[in-house]
Amino acid sequence: MLIRNAWYVAAWSTELGNDPIARVMLGEPVVLFRAEDGTAVALADRCPHRNLPLSAGRRDADRLECGYHGLVFDRNGRCVHVPGQGAVPDWARVRPYPTAEKLGWVFVWMGDPEQADPELAPDFQTRLLDDDWITHSGTIEAGCGYRLILDNLLDLSHLAFVHASSTGNRALAEAATIATEVDGDHVRVTRWMSDIPPAQSFVDYAHYDGNIDRWQASAYTPPAYIYVNSGSCAAGDGPGPECWLDDQGIWGFVVYHALTPVTPASTRQFWAVSLPTKWVPDGRREIFESQMREIPREDIAVYEAQQRVIDIVGAAGNLGDVDARGTLAADEALLAMRRIIRRLAG
Amino acid sequence: MLIRNAWYVAAWSTELGNDPIARVMLGEPVVLFRAEDGTAVALADRCPHRNLPLSAGRRDADRLECGYHGLVFDRNGRCVHVPGQGAVPDWARVRPYPTAEKLGWVFVWMGDPEQADPELAPDFQTRLLDDDWITHSGTIEAGCGYRLILDNLLDLSHLAFVHASSTGNRALAEAATIATEVDGDHVRVTRWMSDIPPAQSFVDYAHYDGNIDRWQASAYTPPAYIYVNSGSCAAGDGPGPECWLDDQGIWGFVVYHALTPVTPASTRQFWAVSLPTKWVPDGRREIFESQMREIPREDIAVYEAQQRVIDIVGAAGNLGDVDARGTLAADEALLAMRRIIRRLAG
Amino acid sequence: MLIRNAWYVAAWSTELGNDPIARVMLGEPVVLFRAEDGTAVALADRCPHRNLPLSAGRRDADRLECGYHGLVFDRNGRCVHVPGQGAVPDWARVRPYPTAEKLGWVFVWMGDPEQADPELAPDFQTRLLDDDWITHSGTIEAGCGYRLILDNLLDLSHLAFVHASSTGNRALAEAATIATEVDGDHVRVTRWMSDIPPAQSFVDYAHYDGNIDRWQASAYTPPAYIYVNSGSCAAGDGPGPECWLDDQGIWGFVVYHALTPVTPASTRQFWAVSLPTKWVPDGRREIFESQMREIPREDIAVYEAQQRVIDIVGAAGNLGDVDARGTLAADEALLAMRRIIRRLAG
């Protein structure tokens with residue numbers, strides 16, 4: 001269930017330097033490097049001669065030399081040199097993948113190159129490069145299908161149970177007013193919680209001493225992007241729904257997720273949490289960082305346990321992709337997302 | 001080749017406390033916990049909402065709360081609360097498994113609950129709770145099918161080769177008179193060895209200085225229980241066959257085994273060795289314990305090597321389940337056991 | 001794609017002593033031991049009683065006793081004793097494999113024993129036992145099909161890229177005149193490089209201070225043997241083609257490879273490098289040894305990376321066994337070798 005005609009994140013911009021890096025994306029081996037003009041180059045990571053990954057070779061300016069017998073490929077995947085042999089055979093070329101790069105992410109287009117419009121690459125991750133915001137980010141290699149992670153991010157009530165020691169508390173799950181909007185291929189779900197006790201992080205960083213209003217919004221963009229906004233203010237001061245997607249109020253954060261399927265049961269998750277720098281006092285930086293490392297671990301434990309159960313009980317036990325059985329009222333967004341993927345995957 | 005309508009050991013009684021524990025039994029994930037009245041509760045270990053194992057959640061009195069979105073299930077597997085949602089959907093329930101508990105073992109019934117009669121749960125393991133006996137026990141996670149372990153326990157001549165440094169010697173294999181009785185679904189095999197040298201353990205603990213009479217009895221009860229009695233006395237003093245199943249003579253021990261298939265090629269083996277406390281002098285306790293840890297290791301090495309060969313050579317090379325080719329005169333009990341399993345597995 | 005009627009190396013002669021050793025060869029478990037008369041004995045490594053590998057048992061003179069229930073097999077695989085039982089059943093025998101031993105290698109014939117002529121076992125590895133030559137050898141357990149290794153050894157241009165820090169330099173790949181001869185089931189490829197800079201090892205050991213002539217010959221013998229000769233001398237002094245297979249000139253070495261398929265994607269590679277002892281000064285012995293350990297590691301990294309890519313992209317992406325697409329002018333020998341294997345594997 002993969003959407004091929006789409007931009008997927010292959011790497012953080014900061015990861016892509018002089019050395020070729022290897023990725024498996026949608027089951028295909030891909031090698032990336034940065035050309036001398038700074039452009040990201042992506043090629044099939046398999047020498048057509050004897051199958052060695054080109055990522056095991058050597059980059060020379062805008063060319064890759066295979067580490068086995070020295071065939072040289074240009075940035076378009078054309079072989080331009082075969083050692084000891086004048087002519088280059090017609091089969092000696094590798095598939096070039098269109099690339100794009102925006103706001104800290106390097107994208108690869110995995111489908112028909114004719115349809116690869118860089119304008120379509122996501123640019124919602126604006127805070128990644130915002131100097132007034134602090135960002136923590138990481139890459140997760142999760143042993144699960146990518147839709148289990150999307151499920152997670154479209155039902156933020158899970159903070160009440162999975163992240164109960166930091167960003168979640170029980171009121172998040174019990175007291176939310178949930179609204180789901182589907183607009184073409186996009187899904188947005190908002191959760192509004194009025195006059196609830198603050199979760200631990202909100203006490204620690206915003207020093208609330210009474211109840212708060214809190215809001216969360218998750219926005220899904222195909223193939224596998226999620227933007228989350230999370231805001232709060234003293235109870236009664238909360239803004240209207242028109243602010244829930246962008247405003248963090250007195251304290252909150254935004255989260256960016258880009259998921260790239262590796263195999264049907266493994267996913268590379270690029271995640272980042274951003275918030276105004278002033279909202280994390282210098283004295284709490286280390287604690288904040290360790291919390292940022294802990295939260296993804298809590299989520300991975302859930303994803304991988306789900307996948308293990310699905311593997312054990314198999315299709316018969318699994319209530320399925322878009323079956324309303326196994327979904328709750330809060331899962332309207334999850335169902336919409338899975339229907340969009342099903343439609344776009346064709 | 002699994003008997004489903006049967007009691008299987010899920011845990012030692014002492015293992016089952018406040019925290020939910022996870023098991024895979026006959027390929028099914030099961031979560032167990034002890035209810036406030038002390039009863040063992042067993043439920044399918046998979047939240048019907050998004051497939052997280054319930055064992056990853058939290059027990060609250062007699063209820064389990066899923067660790068992902070907080071659905072709460074009672075001890076009968078009925079969902080009694082969905083956070084943030086009034087009604088509980090009809091699909092929100094998990095399979096409850098009948099349980100029983102006797103003499104130190106917690107049992108789960110894996111088949112039709114209508115047939116789950118606690119009276120049928122084994123109670124042969126009487127010495128586990130006998131204050132005058134010392135018991136060493138453990139749980140083995142063996143990478144082999146469960147019948148390979150039953151085979152082992154129904155032909156105790158293997159002590160001569162697998163446990164030659166402790167409980168076995170060559171005379172066990174060469175000099176035994178073997179009698180096999182099949183009574184319905186039960187198999188009993190006895191081995192009588194007259195006037196043989198004592199194996200090392202019998203010298204160390206019973207201080208024999210001459211030949212001995214020795215007897216061994218293995219009794220199989222479906223689906224996968226084995227009781228072993230082992231006794232000895234000075235040569236010529238040995239009792240008649242009517243004592244071989246229960247009497248240990250001057251020195252000996254009983255062994256209890258309960259096997260629970262995890263997958264077709266992995267098994268959880270609950271084992272215990274019991275003997276009168278006075279037969280292990282205080283000064284030898286540590287040595288005895290280390291021997292008790294060593295013997296299972298010697299057996300596991302055999303089981304897993306067998307399974308690897310079976311995996312390599314496949315069905316073609318394996319002489320099969322109940323083929324008399326590949327069995328010896330001493331294997332009458334093994335063949336009877338495998339025929340019973342085949343019949344009861346249906 | 002396996003040739004069964006052939007001699008395969010099971011072990012170095014020095015490996016085969018008193019204790020039985022276990023091998024998987026062409027997917028079959030084999031146990032080897034040295035009989036009292038010094039002959040190598042090879043039997044199927046599976047007791048026909050309950051499938052324990054006989055290699056887990058005990059050797060007693062020319063017999064193997066199973067480590068589970070003590071069945072004893074003679075060197076022809078016939079069971080000669082069943083403990084506690086007079087008669088030996090007719091099924092109690094294991095397949096004996098013909099063996100041969102020459103010049104340091106122990107061979108097993110994996111096919112029809114009627115065709116097992118010891119004369120057919122290779123004897124090209126003459127320097128292994130030459131007192132005036134120094135030999136470094138080792139055994140590689142490579143996670144790849146055996147033909148990927150043969151490919152490697154029939155195109156020695158790879159030294160320019162895989163072993164660039166020791167025996168290779170770029171001129172090897174760019175400046176070679178290549179000649180391939182196919183003679184029945186045998187393939188020979190020679191590479192002649194005139195007036196090229198010496199690679200690092202040739203400077204270090206032969207102290208060349210100018211350009212050299214260099215030659216390499218690889219000879220393939222089915223099922224999976226490669227002999228390599230490598231020689232050099234000052235530029236202009238190089239001998240004619242009639243010497244390239246045997247003469248090392250001023251400095252060079254021979255390499256012997258015997259490959260034994262374990263499974264379709266794993267191979268045991270027996271390799272040895274030999275050169276006149278005087279060509280490795282005492283002061284450089286340790287460095288030489290560490291280079292000899294490094295070179296196989298460089299090759300394994302290539303083989304296993306190739307296999308991983310082949311596993312990922314599957315048959316569709318792999319240009320295939322004997323498809324000229326995916327091969328270069330230098331691959332004539334590789335194609336000939338693969339055609340021979342295809343023919344002999346039948």
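How many residues does the contact take from chain C and from chain A? It takes 25 residues from chain C and 21 residues from chain A. The structure is a predicted model.

**Chain C against chain A**
- On the side of chain C that touches chain A, the elements giving two or more residues are helix H2 (159-162), helix H3 (170-174) and helix H5 (285-317) of chain C.
- H5(C) contributes the most to this side of chain C, with 8 residues.
- By class, the side of chain C that touches chain A comprises 15 nonpolar, 6 polar and 4 charged residues.

**Chain A against chain B**
- Here 25 residues of chain A are in contact with 20 residues of chain B.
- Two or more residues each are supplied to the side of chain A that touches chain B by helix H2 (159-162), helix H3 (170-174) and helix H5 (285-317) of chain A.
- H5(A) provides the largest share of that side, 8 residues.
- The side of chain A that touches chain B divides into 15 nonpolar, 6 polar and 4 charged residues.

**Burial of helix H1 of chain A**
- Helix H1 (residues 146-154) of chain A is largely enclosed by the rest of the structure, because 8 of its 9 residues are buried.
- The buried residues of H1(A) include Leu148(A), Ile149(A), Leu150(A), Leu153(A) and Leu154(A).
- Tyr146(A), Asp151(A) and Asn152(A) are also among the buried residues of H1(A).

Conventions: Residues numbered from 1 in each chain as written. Chains lettered and ligands numbered in written order. Predicted model: local features only at pLDDT ≥ 70, side-chain atom pairs only at ≥ 80, totals over all residues. Contact = placed C-beta atoms within 7 Å. Helix = DSSP H or I, 4+ residues; strand = E, 2+ residues; numbered from the N terminus. Nonpolar A, V, L, I, M, F, W, Y, C, P; charged D, E, K, R; others polar. Buried ≥ 20, exposed ≤ 12 C-beta atoms within 10 Å, placed from the backbone.
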